[in-house]
Amino acid sequence: MDFDFIQRFAPMYVKAAGLTLRIGAIGILLSLAVGVLCCLARYFRVPVLRQIAAAYIELARNTPLLVQLFFLYFGLPKVGVKLSAEACAITGLTFLGGAYMAEALRSGLEAVDKAQAESGMCLGLTTLQNLRFVILPQALATAIPAIGANAIFLIKETSVFSAVALADLMYVAKDLIGMYYKTDEALLMLTVAYLALLLPLSIAFSLLERRLRYAGFGNSVQGQ
Amino acid sequence: MNDKPILEVRHLRKHFDGTGVLEDVSFAMREGEVIVVVGPSGCGKSTLLRCINGLERPDGGEILLDGARIDGAADLVKVRRQVGMVFQSYDLFPHMDVMGNLTLGPVQALKQPRAQVEAEAEKALARVGLADRAHALPRQLSGGQKQRVALVRAMLMHPRLLLLDEITAALDPEMVREVLNVVLDLARDGMTMLIVTHEMRFAEAVADRVIFLEGGSVLEDAPPARFFHAPETDRARQFLASFEFDAVRQPPKD
Ligand SMILES: Nc1ncnc2c1ncn2[C@@H]1O[C@H](COP(=O)(O)OP(=O)(O)O)[C@@H](O)[C@H]1O
Ligand SMILES: [Mg+2]
């Protein structure tokens with residue numbers, strides 16, 4: 001093990017991890033927004049939008065991210081749309097993640113008892129107030145484990161972006177291996193970097209999940 | 001007591017997938033009146049209540065609240081701000097504490113100042129014996145406590161009319177009393193209530209009128225003394241007999 005090597009190139013990893021984290025975080029937030037919109041279109045049975053959402057979800061979930069990225073990189077410029085590498089990565093991640101988040105949220109919404117919505121209505125809440133104060137908080141609580149899994153999945157998927165020349169973690173590792181043949185060190189640092197990103201996230205979601213379950217959200221603890 | 005009806009139901013009809021549940025239901029209710037609706041399971045009692053606050057859309061007839069039609073395309077949100085409802089399953093919001101449950105409607109729907117609503121909620125909780133549970137979560141309450149909170153939650157909206165759908169049906173027997181006492185209190189205060197219940201003794205005590213619903217229409221509409229002790233129809237007699245146990249008492253064997 002070449003510790004000088006590790007020391008020398010660790011800053012590159014930190015920088016790349018920053019990029020992975022930034023793209024991942026933006027992608028996750030946008031995915032959630034897209035997911036909420038799709039989910040609401042389906043929940044309220046908005047004509048047209050609802051069909052578009054359903055088609056999009058199927059498309060996004062049933063094509064590999066790499067294919068989606070190639071489309072973004074090589075397909076879109078052909079029709080005159082040119083995105084920066086980072087914008088491409090975020091767009092691709094959001095396209096993929098939005099569909100997964102929509103599904104996670106839908107399962108959360110479906111788990112909310114119909115009587116809950118009716119109770120809100122009986123209090124004279126408008127549809128939006130009912131959604132905001134009664135339905136969504138419970139749906140989100142139920143969906144948190146799936147949302148967490150999606151978030152981690154999306155951060156890992158950023159590695160695919162190295163395929164399109166973005167200096168993220170995977171790209172740096174591949175680069176170093178190519179230049180110096182220090183495979184062990186480069187991969188070790190890659191693993192550590194991903195762990196450093198994902199482990200805290202994973203732990204945070206587990207804690208959140210446990211707290212929500214303890215609070216008796218959703219349908220699990222209701223009743224007695 | 002005002003003579004103008006607060007609620008009028010005229011020839012109400014409601015079908016589900018082609019099968020008639022309510023065929024022709026008509027009755028009127030004055031302010032301050034307590035009407036108990038009884039009838040065999042599945043006769044459409046819940047459906048009737050749900051039509052009155054727009055949770056179900058009637059297929060025919062009309063419903064008037066304070067003289068204004070509330071069926072069809074009326075503003076149901078406005079209607080529901082005037083008509084409170086409590087269900088059999090205690091449907092408190094599990095992610096909010098008791099105070100959160102109580103203040104949501106008045107603060108969000110009625111735009112009342114939170115401090116004022118909270119003060120009122122505290123008084124109301126004390127009245128139903130739950131002064132110390134304001135910050136408990138629903139899952140920390142017993143069924144009877146939950147239903148008392150649900151009643152307070154509905155009352156804090158100051159409804160013109162309160163609909164109660166078998167609110168003690170899911171409770172253990174020892175908790176039924178504490179919930180019914182609250183309803184009796186409301187009746188004494190002059191609250192207009194339309195109550196579905198299987199507690200016949202309670203019905204007799206609280207009702208000004210009893211409506212017997214069967215086969216999709218109102219078979220009897222009478223004061224409790226007459227309905228319970230001298231019903232006019234055979235159907236009502238049979239229904240009432242189903243609550244008696246004398247007929248099946250066996251002579252002791254030795
Ligand atoms: N949403 C619904 N869809 C189809 N059938 C329903 C629906 N709600 C109630 N029903 C039917 O209507 C009938 C009356 O139901 P309900 O009003 O709940 O009766 P009750 O409250 O008197 O027991 C029942 O046969 C029930 O199965
Ligand atoms: Mg019922």
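Tutor: Before we start, one definition: a crossing is left-handed if the near helix is turned anticlockwise from the far one by less than a right angle, and right-handed if clockwise. Also keep in mind that this is a predicted model.

Student: Got it. Which hand is the crossing of α2(A) and α4(A), left or right?

Tutor: Left-handed.

Student: And at what angle do α2 and α4 of chain A pack, and how far apart are their axes?

Tutor: The angle is about 115°, and the axes are 8 Å apart. Helix α2 covers residues 49–61 of chain A.

Student: Which residues meet there?

Tutor: From α2(A), you have A:Y56, A:I57, A:L59, A:A60 and A:R61. On the α4(A) side they meet A:T94, A:F95, A:L96, A:G98, A:A99, A:Y100, A:A102 and A:E103. Sorted by class, that contact has nine nonpolar, two polar and two charged residues.

Student: OK, now α3(A) against α4(A). What's the geometry?

Tutor: Helix α3 (residues 65–78) and helix α4 (residues 85–111) of chain A pack at about 135°, with axes 10 Å apart. The crossing of α3(A) and α4(A) is right-handed.

Student: Why do α3(A) and α4(A) count as oblique?

Tutor: Roughly perpendicular runs from 65 to 115 degrees and roughly antiparallel starts over 145. The α3(A)–α4(A) angle is about 135°, so the two helices are oblique to each other.

Student: Which residues of α3(A) and α4(A) touch, and what classes are they?

Tutor: A:L65, A:Q68, A:L69, A:L72 and A:Y73 in α3(A) meet A:A85, A:C88, A:A89, A:T91, A:G92, A:F95 and A:L96 in α4(A). That contact has nine nonpolar residues, three polar ones and no charged ones.

Student: Zooming out, how many helices and strands does chain A have?

Tutor: Eight helices and zero strands. Its C-alpha trace spans about 70 × 45 × 25 Å along the principal axes.

Student: How much of chain A is buried?

Tutor: Buried residues are 45% of its 224.

Student: What is B:T192 in contact with, leaving aside neighbours within four places in sequence?

Tutor: B:I6, B:M29, B:R30, B:E31, B:G32, B:E33, B:R160, B:L161 and B:L162.

How values were computed. Residues numbered from 1 in each chain as written. Chains lettered and ligands numbered in written order. Predicted model: local features only at pLDDT ≥ 70, side-chain atom pairs only at ≥ 80, totals over all residues. Heavy atoms only, no water. Axes fitted to C-alpha atoms, helices over the stretch in contact; angles between N-to-C directions. Helix = DSSP H or I, 4+ residues; strand = E, 2+ residues; numbered from the N terminus. Parallel < 35°, antiparallel > 145°, perpendicular 65-115°, else oblique. Contact = heavy atoms within 4.5 Å. Nonpolar A, V, L, I, M, F, W, Y, C, P; charged D, E, K, R; others polar. Buried < 20%, exposed > 50% of the residue type's maximum accessible area, 1.4 Å probe, protein only.
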